[in-house]
Amino acid sequence: MQKRLKKETGKISKIQPVRTCIVCRRQFVKEKLQRYVWNFDTENVVLDSRQNMAGRGAYCCMDEKCEQMFLTGRQRWKRAFRLN
Ligand SMILES: [Zn+2]
């Protein structure tokens, strides 16, 4: 327990987690990305606006082109959510 507390304090906590947009492959901090989660019931992607939904998520940046390509690219989802 004590060791764990030590690790979480210090410089490391200031580094922001970075995710990759699955369309353009650019990297952004999480807040700059939209998270999508696969919904098995509706077989569609759901926007996870709070970024806390369960399941495998995929990140897409807020560039309009990326968003469109992501939402229309059903082939892409298979890879992003490992549906096969
Ligand atoms: Zn992008």
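Is Arg82 buried or exposed, and how many C-beta neighbours does Arg82 have inside 10 Å? Arg82 counts as exposed because it has 10 C-beta neighbours inside 10 Å, and 12 or fewer is enough for that label. We'll come back to this residue further down. One thing to keep in mind from here on is that this is a predicted model.

## The chain as a whole

Let's start with the parts list. Reading from the N terminus, the elements go α-β-β-β-β-β-α-α.

The chain has 84 residues, and 18% of them count as buried. As for contacts with a separation of 6 or more, 45% of them come from residues 24 or more positions apart.

## A sheet of three strands

Three of the strands make up an open sheet, lined up in the order S4-S3-S5 with antiparallel pairing. Strand S4, covering 44-48, and strand S5, covering 57-61, are the edge strands, and each of them pairs on one side only. Going from one strand to the next, the twist averages 40 degrees.

Now for the two pairings. S3 and S4 are antiparallel partners over five bridges, and in this pair Trp38 sits opposite Val45 in S4. S3, which spans residues 33-39, is also joined to S5 by five bridges, and those two run antiparallel as well. Here Leu33 is the residue standing opposite Cys61 in S5.

## Turns and loops

S3 and S4 form a hairpin, with four residues between them. Glu43 lies in that turn and has a positive phi of about 50 degrees.

Gln51 is found in the loop between S4 and S5. It isn't a glycine, yet its phi is positive, at about 55 degrees. How exposed is Gln51? Gln51 is partly exposed, because 14 other C-beta atoms lie within 10 Å.

Back to Arg82, as promised. This residue belongs to the segment after helix H3 (74-80). Arg82 is another residue other than glycine with a positive phi, in this case near 50 degrees.

## Strand S5, tucked away

How many of the five residues of S5 are buried? Five of the five are, so S5 is largely enclosed by the rest of the structure.

In a regular strand, side chains alternate between the two faces of the sheet. In S5, Gly57, Tyr59 and Cys61 point one way, while Ala58 and Cys60 point the other way. Residues on both sides of S5 are buried.

## The nonpolar core

The largest nonpolar core has 13 residues. The members that touch the most other members are Cys21, Ile22, Val23, Leu33, Ala58, Tyr59 and Cys60. S3 and S5 are the elements that give two or more residues to this core. Its largest share comes from S5, which supplies four residues.

Which residues is Ile22 in contact with, leaving aside neighbours within four places in sequence? The contacts of Ile22 are Ala58, Tyr59, Cys60, Phe70, Arg76 and Ala80.

Methods
Residues are numbered from 1 along each chain as its sequence is written. This is a predicted model: local features need pLDDT of at least 70, side-chain atom pairs count only at pLDDT 80 or more; totals for chains, interfaces and linings use all residues. Two strands pair if DSSP finds at least two bridges between them. Axes are lines fitted to C-alpha atoms, for helices over the stretch in contact, and angles run from 0 to 180 degrees between N-to-C directions. A residue is buried if 20 or more other C-beta atoms lie within 10 Å of its own, exposed if 12 or fewer, and partly exposed in between; C-beta atoms are placed from the backbone. A nonpolar core is a set of buried Ala, Val, Leu, Ile, Met, Phe, Trp, Tyr and Cys residues joined through C-beta atoms within 7 Å. Two residues are in contact if their C-beta atoms, placed from the backbone, lie within 7 Å.
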